[in-house]
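Let's walk through this model together, one neighbourhood at a time. Keep the viewer open as you read.

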Amino acid sequence: MRAPTDEPARTGWVRSMARGFVGRCPHCGRGRMFARFLKVRPACEACGLEMHGHRADDLPPYVVIFIVAHIVGYVILEMEMGYDVPLWFQLSFWPAATLGLALGLLQPVKGAVVGLQYALGMHGFAALPSGPEASRGEEPGFGSADDRATDPRPGLGRA
């Protein structure tokens, strides 16, 4: 059991990813994460969490492609096996549906990836914001605020 400190607790990974999925700050859940469609804000306007160090890179598009391909592929297969759909409909509807699903999922998936990076203390998220609004004492989960982020010794931290 650790002694309580002045440091704010890092939000658990499920809550951080859920907050990121809806476009909110993974730390406080009040500030907006995105300044533009896929551009992450430099810092949260509510709690001051610096978000400029994130590195979502290629994971969000890969996850979106994986999800959309499985959904669209399954529905196309079901329609082909069960219904006689005209070719003109297939050639006009499925590309539009695929594009719509991909664009609709890209920002939430990127937000969830940034939330996961925050929860795990990756890519510039090792330091938490300080101040009274940041110390709300959320329950730590997987990726909680332990000594791994600040421990200078090599290794994975305490067992």
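Predicted model: local features only at pLDDT ≥ 70, side-chain atom pairs only at ≥ 80, totals over all residues.

**A tour of the model**

Residues are numbered from 1 along each chain as its sequence is written, and side-chain values use heavy atoms, with hydrogens and water left out.

Back to the rings. A pair of aromatic rings is described by the distance of the centres and the angle of the planes. Rings of Phe, Tyr and Trp (its six-membered ring) pair if their centres lie within 6.5 Å; planes under 30 degrees apart count as stacked, over 60 as edge-to-face and the rest as tilted. The structure holds three such pairs. In one of them, the centres of tryptophan 88 and phenylalanine 89 are 6.1 Å apart with planes at 90°, so this pair is edge-to-face. In another, phenylalanine 93 and tryptophan 94 have centres 4.8 Å apart and planes at 75°, so they too are edge-to-face. Phenylalanine 89 is partly exposed at 27% relative accessibility, phenylalanine 93 is partly exposed at 37%, and tryptophan 94 is buried at 9%. Ring pairs join Trp88, Phe89, Phe93 and Trp94 into a cluster.

Now turn to helix H1, residues 13–21, where Ser16, Arg19 and Gly20 are buried. Helices (H or I, at least four residues) are DSSP runs, numbered from the N terminus. Down the axis of H1, the buried residues fall within an arc of 100°, so they line one face of the helix; the arc is that of the directions from the helix axis to the C-beta atoms. Their cover includes helix H3 (87–120), where cover is a matter of contact, meaning heavy atoms within 4.5 Å. After H1 comes glycine 23, with a positive phi near 85°.

What about charged side chains? The structure holds one salt bridge, that is, a side-chain nitrogen of Lys or Arg within 4 Å of a carboxyl oxygen of Asp or Glu. Glutamate 45 and arginine 41 form it, with their closest N and O atoms 3.5 Å apart. Glutamate 45 is partly exposed at 47% relative accessible area, whereas arginine 41 is buried at 17%.

Notes. Buried < 20%, exposed > 50% of the residue type's maximum accessible area, 1.4 Å probe, protein only. Helix = DSSP H or I, 4+ residues; strand = E, 2+ residues; numbered from the N terminus.
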